[in-house]
Amino acid sequence: MSAFTYPARFTAGSDGRILVEFVDLPHVATDGKDNREAMEEAMDARGSDLSIRLSRREEIPAPSAVKRRQRLVLVPLWLAPKLALYLATRDQQVNNSELARRLRVHERVIRRMLDPAHASKAEKIQAALAALGKQMIVEVRDAA
(Lines give C-alpha, C1' and ligand atoms only; values in the text may rest on other atoms or scores of the structure.)
Protein backbone atom coordinates (compact mmCIF):
# COMPACT_ATOMS: atom_id res chain seq x y z
CA MET A 1 0.00 0.00 0.00
CA SER A 2 1.20 3.49 -0.81
CA ALA A 3 0.10 6.46 1.24
CA PHE A 4 1.34 9.71 -0.16
CA THR A 5 1.81 11.76 2.97
CA TYR A 6 5.12 13.26 4.02
CA PRO A 7 6.16 14.53 7.47
CA ALA A 8 7.10 18.18 7.87
CA ARG A 9 7.99 20.55 10.68
CA PHE A 10 5.79 23.63 11.04
CA THR A 11 7.45 26.37 13.10
CA ALA A 12 6.53 29.98 13.72
CA GLY A 13 9.10 32.50 12.52
CA SER A 14 9.99 35.73 14.27
CA ASP A 15 7.76 37.56 11.77
CA GLY A 16 4.76 35.38 12.67
CA ARG A 17 4.80 33.40 9.41
CA ILE A 18 4.72 29.62 9.60
CA LEU A 19 7.82 27.94 8.13
CA VAL A 20 7.39 24.43 6.72
CA GLU A 21 10.42 22.15 6.31
CA PHE A 22 10.17 18.62 4.96
CA VAL A 23 11.94 15.93 6.95
CA ASP A 24 12.74 13.76 3.92
CA LEU A 25 13.68 16.64 1.62
CA PRO A 26 16.01 19.16 3.23
CA HIS A 27 15.98 21.38 0.12
CA VAL A 28 12.20 21.78 -0.01
CA ALA A 29 10.67 24.40 2.27
CA THR A 30 7.90 26.97 2.15
CA ASP A 31 5.85 29.18 4.46
CA GLY A 32 2.46 30.77 4.97
CA LYS A 33 0.88 33.61 6.90
CA ASP A 34 -1.06 31.10 9.06
CA ASN A 35 -1.38 27.33 9.53
CA ARG A 36 -3.98 26.94 6.76
CA GLU A 37 -1.93 28.82 4.19
CA ALA A 38 1.27 27.08 5.32
CA MET A 39 -0.38 23.66 4.74
CA GLU A 40 -1.63 24.72 1.30
CA GLU A 41 1.83 25.99 0.36
CA ALA A 42 3.40 22.79 1.74
CA MET A 43 1.14 20.63 -0.43
CA ASP A 44 2.04 22.75 -3.43
CA ALA A 45 5.79 22.64 -2.72
CA ARG A 46 5.75 18.89 -2.14
CA GLY A 47 3.67 18.36 -5.27
CA SER A 48 6.05 20.48 -7.35
CA ASP A 49 9.07 18.54 -6.12
CA LEU A 50 7.44 15.18 -6.84
CA SER A 51 6.21 16.37 -10.26
CA ILE A 52 9.75 17.28 -11.23
CA ARG A 53 11.05 13.93 -10.01
CA LEU A 54 8.31 12.10 -11.91
CA SER A 55 8.91 14.00 -15.16
CA ARG A 56 12.64 13.24 -14.89
CA ARG A 57 11.93 9.59 -14.00
CA GLU A 58 13.91 9.97 -10.78
CA GLU A 59 13.62 8.11 -7.53
CA ILE A 60 10.56 8.99 -5.44
CA PRO A 61 11.61 8.99 -1.79
CA ALA A 62 9.45 6.99 0.57
CA PRO A 63 8.02 9.07 3.39
CA SER A 64 9.51 8.52 6.81
CA ALA A 65 7.34 7.92 9.84
CA VAL A 66 5.86 11.02 11.38
CA LYS A 67 7.44 11.98 14.69
CA ARG A 68 6.45 14.24 17.51
CA ARG A 69 6.01 17.89 16.52
CA GLN A 70 5.63 16.99 12.86
CA ARG A 71 2.54 17.08 10.68
CA LEU A 72 1.72 15.01 7.64
CA VAL A 73 1.45 16.84 4.32
CA LEU A 74 -0.66 15.22 1.63
CA VAL A 75 0.47 14.96 -1.97
CA PRO A 76 -2.01 16.80 -4.23
CA LEU A 77 -4.88 14.54 -5.28
CA TRP A 78 -4.19 14.92 -9.02
CA LEU A 79 -0.62 13.68 -8.54
CA ALA A 80 -0.99 10.71 -6.17
CA PRO A 81 -2.42 8.24 -8.77
CA LYS A 82 0.36 9.13 -11.24
CA LEU A 83 2.96 8.49 -8.55
CA ALA A 84 1.34 5.18 -7.65
CA LEU A 85 1.42 4.11 -11.30
CA TYR A 86 5.04 5.22 -11.72
CA LEU A 87 6.13 3.35 -8.59
CA ALA A 88 4.22 0.20 -9.59
CA THR A 89 5.82 0.12 -13.05
CA ARG A 90 9.27 0.62 -11.54
CA ASP A 91 8.77 -1.99 -8.82
CA GLN A 92 7.53 -4.57 -11.33
CA GLN A 93 10.00 -3.50 -14.04
CA VAL A 94 7.17 -3.00 -16.54
CA ASN A 95 8.00 -0.50 -19.26
CA ASN A 96 5.50 1.76 -21.01
CA SER A 97 5.26 -0.50 -24.06
CA GLU A 98 4.46 -3.59 -21.99
CA LEU A 99 1.82 -1.75 -19.98
CA ALA A 100 0.30 -0.39 -23.20
CA ARG A 101 0.15 -3.94 -24.59
CA ARG A 102 -1.65 -5.15 -21.46
CA LEU A 103 -4.18 -2.33 -21.72
CA ARG A 104 -4.47 -2.56 -25.52
CA VAL A 105 -3.67 1.12 -25.95
CA HIS A 106 -0.92 3.06 -27.72
CA GLU A 107 2.25 3.65 -25.71
CA ARG A 108 1.69 7.44 -25.81
CA VAL A 109 -1.40 6.90 -23.62
CA ILE A 110 0.85 5.48 -20.92
CA ARG A 111 3.32 8.36 -21.35
CA ARG A 112 0.47 10.81 -20.81
CA MET A 113 -0.68 8.99 -17.68
CA LEU A 114 2.83 9.38 -16.26
CA ASP A 115 3.17 13.01 -17.36
CA PRO A 116 2.50 15.36 -14.41
CA ALA A 117 1.55 18.14 -16.85
CA HIS A 118 -1.19 16.04 -18.50
CA ALA A 119 -4.65 15.90 -16.93
CA SER A 120 -5.26 12.16 -16.94
CA LYS A 121 -8.63 10.64 -16.17
CA ALA A 122 -8.65 8.75 -12.90
CA GLU A 123 -10.42 5.80 -14.56
CA LYS A 124 -7.53 5.30 -17.00
CA ILE A 125 -4.94 5.32 -14.24
CA GLN A 126 -7.15 3.01 -12.20
CA ALA A 127 -7.25 0.54 -15.12
CA ALA A 128 -3.47 0.76 -15.55
CA LEU A 129 -2.95 0.09 -11.85
CA ALA A 130 -5.33 -2.89 -12.06
CA ALA A 131 -3.25 -4.28 -14.94
CA LEU A 132 -0.33 -4.19 -12.52
CA GLY A 133 -2.26 -5.94 -9.76
CA LYS A 134 -2.97 -2.74 -7.82
CA GLN A 135 -6.19 -1.20 -6.62
CA MET A 136 -6.73 2.53 -6.20
CA ILE A 137 -8.89 3.50 -3.24
CA VAL A 138 -9.92 7.01 -2.27
CA GLU A 139 -10.45 7.51 1.44
CA VAL A 140 -12.10 10.41 3.20
CA ARG A 141 -11.46 10.89 6.91
CA ASP A 142 -12.56 13.37 9.51
CA ALA A 143 -10.07 16.22 9.82
CA ALA A 144 -7.94 16.19 12.93
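Student: What makes H1 a helix, and which strands does H1 lie across?
Tutor: Helix H1 covers residues 35–55. Helices are DSSP runs of H or I with at least four residues, and strands are E runs of at least two, numbered from the N terminus. So residues 35–55 qualify as a helix. H1 lies across S1, S2, S3 and S4 and runs at about 155° to S3. Such angles run from 0 to 180 degrees between N-to-C directions, with axes fitted to C-alpha atoms, for helices over the stretch in contact. This is a predicted model, where local features need pLDDT of at least 70, side-chain atom pairs need 80 or more, and totals for chains, interfaces and linings use all residues. Residues are numbered from 1 along each chain, and side-chain values use heavy atoms, without hydrogens or water.

Student: How do you know that S1 and S2 pair?
Tutor: Two strands pair if DSSP finds at least two bridges between them. Strand S1 (residues 5–12) and strand S2 (residues 18–22) have five bridges, in the antiparallel sense. So they count as paired.

Student: Why are S3 and S4 called edge strands?
Tutor: The open sheet has the order S3-S2-S1-S4, with antiparallel pairing. Strand S3 (29–32) and strand S4 (70–74) each have a single partner strand, so one side of each lacks a neighbour in the sheet. Neighbouring strands are turned by 35° against each other on average, direction ignored.

Student: Why is alanine 42 called buried?
Tutor: Buried means under 20% relative accessible area (exposed is over 50%, partly exposed in between; 1.4 Å probe, protein chains only). Alanine 42 has 0% relative accessibility, so it counts as buried. This residue sits in helix H1. Not counting residues up to four places away in sequence, alanine 42 touches Phe10, Val20, Phe22, Thr30 and Val73. Contact means heavy atoms within 4.5 Å.

Student: Arginine 46 is charged. Is arginine 46 buried or exposed?
Tutor: Arginine 46 is buried, because its relative accessibility is 0%. Arginine 46 also lies in helix H1. Leaving aside neighbours within four places in sequence, its contacts are Tyr6, Phe22, Leu25 and Pro61.

Student: How many residues of the largest pocket's lining are nonpolar?
Tutor: The lining divides into 27 nonpolar, five polar and six charged residues. Nonpolar means Ala, Val, Leu, Ile, Met, Phe, Trp, Tyr, Cys and Pro; Asp, Glu, Lys and Arg are charged; the others, Gly among them, are polar. H2 gives the largest share of the lining, seven residues.
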